[in-house]
Amino acid sequence: MQHGASKHGQRLEVIVNGGEGSVRLDRVLAVRQPDLSRSRLKVLILAGQVAVGTTPIRDPAYHVTAGDTITINVPEAVAAEPAGEAIALDVIYEDDDIIVINKPSGLVVHPAAGHETGTLVNALIAHCGASLSGIGGVKRPGIVHRLDKDTTGLMVAAKNDRAHKSLTGQFADHGRTGALRRGYMAFAWGAMSRQRGTVEAPIDRHPHAREKMAVRGPGREAITHWEVTETFNGRNGKSVASLLACRLETGRTHQIRVHLAHIGHPLMGDGVYGPHFKTKASALGPQARAALAALGRQALHAARLTLEHPATGEILSWEIGLPEDLFLLQHLLRAAE
């Protein structure tokens, strides 16, 4: 394998060895060029940037044989879209491959209708600057998982194709065979019937409210593990809320919010999945009730993250405490007992 420079960016060369036999072009390149994601390789092939010998090949399924020389022209990454914006970030960890941040409430992860600017992606493009290499041919951070706009806590993003490919695989596996672990702290209404449990129920779009998700079949597999870490009593001395440590085995949209609502314990402050529980606030002490009203969001925080570093293979773990608004809610819930 040889590397070189060209006016188009980078020129890579792969010679098919005898052990590979007759095999698809895209599969050979995925193995021999691990720094390029499969999607990036497919784009390059379809764009005529991959040649076998002197002949450009535009078919990813084309079969190459031992002795073939494959040349890949990797154009320079184009400017990021959207543009970078100077938005302050709480960076927990950063190196050449990944960046881990503590996301605040109110920050949308990715530009979309209604949120074209002011997102985490805009902030990461500005923060990382020239250190971003061309993910998919564009200088942008690789978003491999998301937190809801009003959910706080740990998020990781990739800074190059190699890291993006690795993290995408880890999040797809969800820790079933690898090191990935994601832990959340969730304030839920009511007292749980046991100390720990698992919700295993498929999630799909709500049949009538398209902005919501719902437990419904066939849907997509969704598994949430939970454990009670603290129980809070109301003014009458009876249990009114619980603090749960949740671990995801899958990564569906709104998964914790949907699953806890499904078992009758929606998140405190969740106006989408727990609107009928607003009256429960009357059982809280006056200060806790005021703190919940001021929260203005679901009481959910991504507190723990463990993953395998894409380049070194080292197992890295981070833990971040509750943000100020949830810390205050916890304190006042305790004080009401």
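In this report, Ala, Val, Leu, Ile, Met, Phe, Trp, Tyr, Cys and Pro count as nonpolar, Asp, Glu, Lys and Arg as charged, and the others, Gly among them, as polar. The structure is a predicted model, in which local features need pLDDT of at least 70 and side-chain atom pairs count only at pLDDT 80 or more, while totals for chains, interfaces and linings use all residues. Residues are numbered from 1 along each chain as its sequence is written, and side-chain values use heavy atoms, with hydrogens and water left out.

**Cavities**

A cavity is a set of points, on a 1 Å grid over the protein atoms alone, where a 1.4 Å probe fits but cannot get out, and its lining residues have an atom within 4 Å of a point. Grid points are joined across faces, edges and corners, and a volume is the space filled by probe spheres set on the points.

| Cavity | Volume | Lining residues |
|---|---|---|
| Largest | About 40 Å³ | His174, Gly175, Leu180, Arg181, Arg182, Arg247 and Leu248 |

For the largest cavity, the elements that give two or more residues to the lining are strand S14 (181-189) and strand S19 (239-248), where strands (E, at least two residues) and helices (H or I, at least four) are DSSP runs numbered from the N terminus. By class, this lining of the largest cavity has two nonpolar, two polar and three charged residues.

The lining of the second largest cavity divides into four nonpolar, one polar and two charged residues. Strand S20 (300-308) and S14 each give two or more residues to this second lining, and S20 gives the most, with three residues.

**Covered helices and a buried loop residue**

Helix H5 (residues 255-262) is mostly covered, since six of its eight residues are buried, where buried means under 20% relative accessible area, exposed over 50% and partly exposed in between, with a 1.4 Å probe and protein chains only. The buried residues of H5 are Gln255, Ile256, Arg257, Val258, His259 and Leu260, and just after H5, Gly264 takes a positive phi of about 90°. Helix H1 (residues 25-32) is also mostly covered, with six of its eight residues buried, namely Leu25, Asp26, Val28, Leu29, Ala30 and Arg32.

Val16 is found in the loop between strand S2 (9-15) and strand S3 (23-24). Val16 counts as buried because its relative accessible area is 3%. From C-alpha to C-alpha, Val16 and Lys103 are 45 Å apart in space, and they are 87 residues apart in sequence.

Terms used: On a 1 Å grid over the protein atoms alone, a cavity is a set of points where a 1.4 Å probe fits but cannot get out, and a pocket is an open set with protein on both sides within 12 Å along at least five of seven lines; lining residues have an atom within 4 Å of a point.
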